[in-house]
Each structure stands twice: as structure tokens, then as C-alpha cells.
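Please look over the model below with attention to how its parts are arranged and where they touch.

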Amino acid sequence: MNIDKFYDSIKACRFCFMCRHLSGVGNVTFREADTPRIRAAMLYGVTLDNSKLANADFIDTIYSSDLSAACRFHCVNSFDENGMVLAARRDIVEAGLAPADVLALAETSKSIDAKPKISGNGETLYYIDSCTASAASEYKAFDKIMKKAGVKYRVAKGGNTGKILETLGFAADSAQKAAEFADAVNKSGAKTIVVSNPAAYDSLANDFKARGVKLIPKVMHASEFLLQLKVKFAKKAGKIYYLESDFLKNYNSNLKFPRELLRKLGAEAAEFGTNSEESYTCGEGAVVLDKLRPNIVEKMAKYVEERADNPNADKIVVASPYTKIQLSKNSKLKVYTLTELAAACI
Ligand code: SF4
């Protein structure tokens with residue numbers, strides 16, 4: 001079983017309370033099951049008796065995880081609570097036990113052509129995945145900055161990197177989509193592919209390598225790309241609250257570029273909430289938690305709103321279009337992406 005590779009983490013986490021406050025789902029459901037310790041305890045039970053994999057409550061809990069990876073990132077021993085949950089999802093799928101809502105999402109994702117539509121000219125390819133496409137202001141802001149910088153670029157729109165399938169536990173289908181996506185991008189001849197959505201960035205930067213899929217262009221998150229442009233940001237961003245991205249922080253060794261961009265924009269980043277370890281992304285790491293558990297995501301957005309100093313006026317900045325969409329839909333917070341903030345500073 002896939003979870004066997006995480007046996008040491010499972011044994012350690014099942015008796016540990018240390019990171020229970022970092023389960024974004026547990027913080028709003030108040031269910032003991034939604035904590036790293038109990039998820040690990042249930043997985044330990046599965047290692048002793050594989051038939052427990054079919055337990056409906058167990059499956060519900062595994063697919064309710066927000067997968068922020070905050071627990072792994074902040075664990076003093078780097079035990080991988082996040083990895084064991086993803087492995088459990090693969091085991092559930094491979095045993096033919098995926099629940100109906102997960103199957104429906106996977107079938108929809110499988111039906112999407114992996115190859116993006118590529119248009120325009122230039123060595124740089126800006127990837128607009130379906131999540132970024134849902135936040136039109138994000139790519140309009142990118143376009144505004146590129147025009148100011150005088151840089152021509154191509155756009156790759158749509159397609160399917162396999163990230164949703166990967167997160168839901170459909171590893172083989174995900175690998176196939178990744179290979180088809182990479183083939184289309186490699187044939188484009190682009191030297192750099194720029195990605196706004198941290199989930200898509202993680203897919204191209206990490207999932208592809210893990211699946212043995214070669215992507216020729218250099219992968220850059222939009223924050224890294226914007227930093228190297230010769231553009232004058234005349235206006236200062238001023239006081240903001242930056243909510244870290246699960247994928248850029250916890251999955252990618254705390255990528256430094258978002259904070260460097262904020263400094264370049266003259267942002268004065270104030271501390272948000274009660275600690276700097278929690279995820280305030282509304283389930284960015286689970287990619288489609290808004291579709292699987294919309295009521296939980298709504299509560300997560302309210303949880304974030306309750307921690308704002310002044311919800312009506314605070315300038316909240318995020319990296320992920322997913323988080324912007326969820327907070328804008330379910331709270332009164334004023335939310336900007338990093339790219340939107342940069343465009344507003346021109
Ligand atoms: S990830 Fe680390 S801190 Fe969290 S439950 Fe496991 S051992 Fe404890």
C-alpha cells in the first residue's frame with residue numbers, strides 16, 4: 001500500500017498533539033477526526049487491518065483534509081502528515097473505494113484535454129489554468145505589467161496539468177495528463193513558463209519531476225518573474241497583510257520571491273492572526289476543497305475574516321487566485337493577489 005512508505009510518520013503522528021492547531025479543517029469543524037493525530041491513528045489502524053480502508057467515515061475524513069502541509073513544514077522532526085493523507089487517497093482510489101463526489105470530480109478532470117491552447121509571440125509563456133481564468137483580474141494585471149515592461153509573451157490557456165487528479169489520488173491519470181501537457185508546452189519552444197496559480201506552479205515544478213515528466217522551459221512563479229522585470233513601481237503598496245500560500249510556503253521550502261516582491265513594492269507587511277504557522281488559504285492545498293466540502297471552505301473563510309484587525313478596510317494580499325476567490329465569495333475581506341498589487345503600484 002502507498003501508506004506503507006509513511007509508516008514512521010504514521011507511528012509518530014498518531015501520539016502527537018503538537019500541530020493540531022495547524023489543521024485548517026479541524027479549526028472550523030472542531031472534530032477530533034480532523035486533526036493530524038487522529039488521521040494518523042486511523043491510518044495506523046489501516047496498516048493493522050487493511051479492510052478498514054473501506055470505512056466510510058475514514059474515507060470522509062481523508063477527503064476532508066485541507067492538505068495545507070503546514071504540519072509537515074513546521075514539524076520539528078519533518079514527519080510527513082500531508083504525504084500520508086495523499087498516499088491514503090491513492091490507496092482508496094486504487095482499491096476502487098473512491099466516493100461518488102470524488103469520482104465525479106475526477107471524471108470531469110479526466111475529460112479535459114491536457115494540451116493548453118497557445119497563442120501570441122515571445123519566449124515567455126504565461127499559463128492561465130482554469131483557476132487563474134476564474135479570477136480575470138489576475139491575468140489582466142499580469143498583462144498590464146507586461147505592457148508597461150514592453151515584454152511580448154505568449155499565453156497558454158486551459159489544458160490540464162493533472163494537479164486535481166494528483167490531489168484526489170488518481171496518480172496514473174495525473175501522470176498521463178502531465179505528459180500530454182508537457183509535450184504541448186515543450187513543442188511551443190518557449191524558454192520560460194510563468195504561472196500565477198501556486199497549485200499549477202507546484203504541479204509543473206514538483207509533480208512533473210516526481211512522475212518522470214520532462215518540461216523544457218524554466219518554471220517561474222509570477223512573483224519571481226515580476227521581480228526580474230525592468231519596471232518602475234512608482235506607488236508604494238503601504239500596509240498590507242500577506243496570507244502565505246500553502247504551495248509556495250509549505251510545499252516549496254518557503255519560496256522567497258513573494259516576500260521579495262512585496263518589499264520591492266514598498267509593502268509594510270503586518271502580522272495576521274495569532275501565529276505565523278497557520279494556513280489561511282481556505283484549503284488551497286486540497287485544490288478542489290471548495291467543490292468537495294463547500295460548507296467547510298465557507299467556514300474557513302469566516303475564520304480568516306474573524307482574525308482580521310479591520311475586516312472592512314484591511315488590504316489582504318494572497319498568492320493564490322483560489323484563496324482570493326474563496327475569501328471574496330465568503331467574507332467581506334478586500335483581497336488582492338500579488339500580481340494585482342504589483343499592477344496597482346505602477
Ligand atoms: S507532523 Fe510532527 S508535529 Fe504534527 S502530529 Fe506529526 S509528529 Fe506531531
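How are H17 and H18 oriented to each other, roughly parallel or roughly perpendicular? They are roughly perpendicular to each other, a class that covers angles of 65 to 115 degrees. This is a predicted model, in which local features need pLDDT of at least 70 and side-chain atom pairs count only at pLDDT 80 or more, while totals for chains, interfaces and linings use all residues. Residues are numbered from 1 along each chain as its sequence is written.

**Packing of H17 and H18**

- Helix H17 (residues 294–307) packs against helix H18 (residues 321–330) at an angle of about 80°, and their axes, which are lines fitted to C-alpha atoms over the stretch in contact, are 9 Å apart.
- Helices here are DSSP runs (H or I, at least four residues), numbered from the N terminus.
- On the H17 side, Val 297, Glu 298, Ala 301, Lys 302 and Val 304 meet Gln 326, Leu 327 and Asn 330 of H18, where contact requires C-beta atoms, placed from the backbone, to lie within 7 Å.
- The residues of this contact between H17 and H18 divide into four nonpolar, two polar and two charged, with Ala, Val, Leu, Ile, Met, Phe, Trp, Tyr, Cys and Pro counted as nonpolar, Asp, Glu, Lys and Arg as charged, and the others, Gly among them, as polar.

**Domains and their contact**

- The chain is divided into domain 1 (2–97), domain 2 (117–227) and domain 3 (238–344), with bounds from an automatic or database domain assignment.
- The centres of domain 1 and domain 3, taken over C-alpha atoms, are separated by 25 Å.
- In domain 1, 18 residues are in contact with 18 residues of domain 3, and H5 gives the largest share of that side of domain 1, four residues.

Technical notes. Two residues are in contact if their C-beta atoms, placed from the backbone, lie within 7 Å. Helices (H or I, at least four residues) and strands (E, at least two) are DSSP runs, numbered from the N terminus. Axes are lines fitted to C-alpha atoms, for helices over the stretch in contact, and angles run from 0 to 180 degrees between N-to-C directions. Angles under 35 degrees count as roughly parallel, over 145 as roughly antiparallel, 65 to 115 as roughly perpendicular and the rest as oblique.
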